[in-house]
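Visitor: Could you take me through one part of this protein at close range? I would like to see how a single element sits against its surroundings.

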Amino acid sequence: MQHAAEMSDMAKRIGRPSKPEDEHAVLLSTRWPRPLVERTDAICERRPDQPSRTTVMREALAIGLDALEARLKGRK
């Protein structure tokens, strides 16, 4: 029979390993307009690598933020 401390350590190791503190993602729960979701899904289906909806939305957001930052930088 295992001691309580050993069992506690085993229970902590079950599941996905934790990430370093600087790699933790922030969960954002938002509502998206249906046409935007449909466009995203269409992009997922057309791409040969078949990315997830989340991946495509992250990529699109990053591209959009880069463009917005560049435009704002040009105004100064």
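Guide: Happy to! One term first: a residue is called buried when its relative accessible area is under 20%, and exposed when that area is over 50%. Please keep in mind that this is a predicted model.

For orientation, the protein chain holds three helices and zero strands, and its elements run α-α-α from the N terminus on. Of its 76 residues, 8% count as buried.

Let us settle on helix 2, residues 34-46. This helix has 13 residues and reaches 18 Å from its first C-alpha to its last, close to the 18 Å expected at 1.5 Å a residue. Within helix 2, the residues Val-37, Thr-40 and Cys-44 are buried. Looking down the axis of helix 2, you find its buried residues within an arc of 60°, so they line one face of the helix. There is a simple background to this: an α-helix has 3.6 residues a turn, so residues three or four places apart point the same way.

What do the buried residues of helix 2 pack against? Their partner is helix 3, which spans residues 53-75. The two helices pack at an angle of about 105°, with their axes 9 Å apart. That angle makes helix 2 roughly perpendicular to helix 3. On the helix 2 side, the contact is made by Val-37, Thr-40, Asp-41, Ile-43 and Cys-44, while helix 3 contributes Arg-53, Val-56 and Met-57.

The face turned away from its buried side carries the exposed residues Pro-35, Arg-39, Glu-45 and Arg-46.

One last stop is the loop between helix 2 and helix 3, where you will find Gln-50. Although Gln-50 is not a glycine, it has a positive phi of about 50°.

Note on methods:
Residues are numbered from 1 along each chain as its sequence is written. This is a predicted model: local features need pLDDT of at least 70, side-chain atom pairs count only at pLDDT 80 or more; totals for chains, interfaces and linings use all residues. Side-chain values use heavy atoms; hydrogens and water are left out. Axes are lines fitted to C-alpha atoms, for helices over the stretch in contact, and angles run from 0 to 180 degrees between N-to-C directions. Helices (H or I, at least four residues) and strands (E, at least two) are DSSP runs, numbered from the N terminus. Angles under 35 degrees count as roughly parallel, over 145 as roughly antiparallel, 65 to 115 as roughly perpendicular and the rest as oblique. Contact means heavy atoms within 4.5 Å. The expected span of a helix is 1.5 Å times one less than its number of residues. Buried means under 20% relative accessible area, exposed over 50%, partly exposed in between (1.4 Å probe, protein chains only). The arc is that of the directions from the helix axis to the C-beta atoms.
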